[in-house]
Amino acid sequence: MTRPLIVYDDDCGFCTWAAEYADEHGEFDLVGFSALDADQRARLPSEYDRCVHLLVDDRVYSCGEATEEILARTDSVGGDAADLFRLLPSSARERVREPLYRWVADHRSWFGRVLRR
(Lines give C-alpha, C1' and ligand atoms only; values in the text may rest on other atoms or scores of the structure.)
Protein backbone atom coordinates (compact mmCIF):
# COMPACT_ATOMS: atom_id res chain seq x y z
CA MET A 1 0.00 0.00 0.00
CA THR A 2 1.35 3.41 -0.95
CA ARG A 3 0.81 6.65 0.92
CA PRO A 4 -2.31 8.57 -0.08
CA LEU A 5 -1.51 11.25 -2.65
CA ILE A 6 -3.08 14.71 -2.43
CA VAL A 7 -3.35 16.37 -5.86
CA TYR A 8 -3.90 20.12 -5.52
CA ASP A 9 -3.64 23.46 -7.31
CA ASP A 10 -0.08 24.56 -6.57
CA ASP A 11 -0.77 28.00 -8.08
CA CYS A 12 -3.22 28.70 -5.24
CA GLY A 13 -1.75 29.91 -1.95
CA PHE A 14 -4.70 28.63 0.08
CA CYS A 15 -4.64 25.26 -1.69
CA THR A 16 -0.91 24.91 -1.02
CA TRP A 17 -1.42 25.85 2.63
CA ALA A 18 -4.24 23.29 2.96
CA ALA A 19 -2.21 20.48 1.35
CA GLU A 20 0.83 21.21 3.52
CA TYR A 21 -1.36 21.42 6.64
CA ALA A 22 -2.82 17.99 5.85
CA ASP A 23 0.69 16.62 5.30
CA GLU A 24 1.85 18.00 8.66
CA HIS A 25 -1.07 16.34 10.44
CA GLY A 26 -1.31 13.11 8.46
CA GLU A 27 0.69 10.82 6.22
CA PHE A 28 0.36 11.96 2.63
CA ASP A 29 2.42 12.58 -0.44
CA LEU A 30 1.67 15.83 -2.25
CA VAL A 31 1.72 16.72 -5.93
CA GLY A 32 0.64 19.98 -7.47
CA PHE A 33 -1.20 20.16 -10.77
CA SER A 34 1.96 21.49 -12.42
CA ALA A 35 3.98 18.43 -11.38
CA LEU A 36 1.55 15.61 -12.29
CA ASP A 37 3.03 12.77 -14.25
CA ALA A 38 1.14 11.03 -17.05
CA ASP A 39 0.03 8.08 -14.87
CA GLN A 40 -1.33 10.37 -12.15
CA ARG A 41 -3.15 12.57 -14.65
CA ALA A 42 -4.71 9.49 -16.30
CA ARG A 43 -6.35 8.55 -12.99
CA LEU A 44 -8.03 11.93 -12.58
CA PRO A 45 -11.30 13.19 -14.05
CA SER A 46 -11.01 15.22 -17.25
CA GLU A 47 -11.61 18.54 -15.48
CA TYR A 48 -9.22 17.66 -12.66
CA ASP A 49 -8.11 21.26 -12.22
CA ARG A 50 -11.50 22.25 -10.73
CA CYS A 51 -10.78 20.76 -7.30
CA VAL A 52 -8.54 18.75 -4.99
CA HIS A 53 -8.17 14.98 -5.33
CA LEU A 54 -6.96 12.16 -3.12
CA LEU A 55 -5.51 9.05 -4.74
CA VAL A 56 -5.56 6.03 -2.44
CA ASP A 57 -4.50 2.76 -4.01
CA ASP A 58 -7.18 2.17 -6.69
CA ARG A 59 -9.60 4.85 -5.38
CA VAL A 60 -9.87 8.46 -6.49
CA TYR A 61 -11.70 10.91 -4.25
CA SER A 62 -12.49 14.35 -5.69
CA CYS A 63 -13.62 17.75 -4.47
CA GLY A 64 -15.63 17.65 -1.23
CA GLU A 65 -15.33 13.90 -0.90
CA ALA A 66 -11.53 14.22 -1.15
CA THR A 67 -11.53 16.96 1.48
CA GLU A 68 -13.61 14.84 3.85
CA GLU A 69 -11.32 11.85 3.33
CA ILE A 70 -8.17 13.94 3.77
CA LEU A 71 -9.45 15.52 6.98
CA ALA A 72 -10.52 12.14 8.35
CA ARG A 73 -6.92 10.94 7.91
CA THR A 74 -5.41 13.78 9.98
CA ASP A 75 -4.72 14.10 13.68
CA SER A 76 -6.10 17.62 13.82
CA VAL A 77 -9.28 19.46 14.71
CA GLY A 78 -10.26 18.87 11.08
CA GLY A 79 -9.99 15.13 11.68
CA ASP A 80 -12.26 15.43 14.71
CA ALA A 81 -14.73 17.48 12.66
CA ALA A 82 -14.67 14.84 9.90
CA ASP A 83 -15.39 12.12 12.47
CA LEU A 84 -18.44 14.05 13.68
CA PHE A 85 -19.53 14.82 10.12
CA ARG A 86 -19.41 11.12 9.32
CA LEU A 87 -22.09 10.46 11.92
CA LEU A 88 -24.57 11.96 9.43
CA PRO A 89 -26.15 9.69 6.81
CA SER A 90 -24.15 9.69 3.57
CA SER A 91 -26.99 11.37 1.66
CA ALA A 92 -26.98 14.29 4.12
CA ARG A 93 -23.18 14.53 3.96
CA GLU A 94 -23.30 14.75 0.16
CA ARG A 95 -25.92 17.52 0.23
CA VAL A 96 -23.73 19.58 2.57
CA ARG A 97 -20.22 18.56 1.52
CA GLU A 98 -20.16 19.46 -2.16
CA PRO A 99 -21.84 22.90 -1.92
CA LEU A 100 -19.60 23.75 1.05
CA TYR A 101 -16.51 22.64 -0.87
CA ARG A 102 -17.54 24.67 -3.92
CA TRP A 103 -18.20 27.77 -1.79
CA VAL A 104 -14.74 27.58 -0.20
CA ALA A 105 -13.13 26.87 -3.59
CA ASP A 106 -14.94 29.82 -5.16
CA HIS A 107 -13.67 32.08 -2.35
CA ARG A 108 -10.15 30.67 -2.10
CA SER A 109 -8.56 33.97 -3.09
CA TRP A 110 -10.03 35.47 0.10
CA PHE A 111 -8.96 32.49 2.21
CA GLY A 112 -5.54 32.73 0.55
CA ARG A 113 -5.07 36.22 1.94
CA VAL A 114 -5.50 34.82 5.43
CA LEU A 115 -4.12 31.28 5.11
CA ARG A 116 -1.25 30.72 2.71
CA ARG A 117 2.41 29.85 2.54
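Colleague: Which exposed residues sit on the face of α4 turned away from its buried side?
Modeller: Exposed means over 50% relative accessible area, buried under 20%, and partly exposed in between (1.4 Å probe, protein chains only). Helices (H or I, at least four residues) and strands (E, at least two) are DSSP runs, numbered from the N terminus. The face of α4 turned away from its buried side carries Val77, Asp80 and Leu84.

Colleague: What pLDDT do side-chain atom pairs need in this predicted model?
Modeller: Residues count from 1 along each chain as its sequence is written, and side-chain values use heavy atoms, with hydrogens and water left out. The model is predicted: totals for chains, interfaces and linings use all residues, local features need pLDDT of at least 70, and side-chain atom pairs count only at pLDDT 80 or more.

Colleague: Within what arc do the buried residues of α4 fall, seen down its axis?
Modeller: The arc is taken from the directions from the helix axis to the C-beta atoms. Buried in α4 (residues 77-85) are Gly78, Gly79, Ala82 and Phe85. They line one face of the helix, because seen down the axis they fall within an arc of 120°.

Colleague: Which elements do the buried residues of α4 pack against?
Modeller: Contact here means heavy atoms within 4.5 Å. By that cut-off, the buried residues of α4 pack against α3 and α5 (90-106).

Colleague: At the start of α4, which residue's backbone nitrogen does a side-chain oxygen of serine 76 approach?
Modeller: A polar contact is a pair of N or O atoms within 3.5 Å; within protein, one must be able to donate a hydrogen and the other to accept it, and residues adjacent in sequence count only if both atoms are side-chain atoms. The serine 76 oxygen comes within 3.1 Å of the backbone nitrogen of glycine 78.

Colleague: How far apart in space are alanine 81 and leucine 71?
Modeller: Alanine 81 belongs to helix α4. At 42% relative accessibility, alanine 81 is partly exposed. Leucine 71 is 10 residues away in sequence, and the C-alpha to C-alpha distance is 8.0 Å.

Colleague: Which side chain makes a polar contact of 2.6 Å with the side chain of glutamate 69?
Modeller: Glutamate 69 sits in helix α3 and counts as buried, at 12% relative accessibility. Its side chain has a polar contact of 3.0 Å with that of arginine 73. At 2.6 Å, the partner is arginine 86.

Colleague: Which residues does glutamate 69 touch, leaving out those up to four places away in sequence?
Modeller: Alanine 38 is 31 residues away along the chain, and its C-alpha is 24 Å from that of glutamate 69. With residues up to four places away left out, glutamate 69 touches Leu54, Tyr61 and Arg86.

Colleague: What is the bridge partner of leucine 54 in β4?
Modeller: Two strands pair if DSSP finds at least two bridges between them. β3 and β4 (residues 59-62) pair in the antiparallel sense over four bridges. They form a hairpin with two residues between them, and aspartate 57 in the turn has a positive phi of about 50°. The bridge partner of leucine 54 is tyrosine 61.

Colleague: What is the torsion about the S-S bond of cysteine 51 and cysteine 63?
Modeller: A disulfide is a pair of cysteine sulfur atoms within 2.5 Å. The whole structure holds one disulfide: cysteine 51 and cysteine 63, with sulfur atoms 2.0 Å apart. Cysteine 51 is in the loop between α2 (38-43) and β3 (53-56) and cysteine 63 in α3 (residues 63-72), so the pair ties together parts 12 residues apart in sequence. The disulfide is left-handed because the torsion is about -70°.

Colleague: What is the relative accessibility of cysteine 63?
Modeller: Cysteine 51 is buried, at 6% relative accessibility. Cysteine 63 also counts as buried, at 18%.
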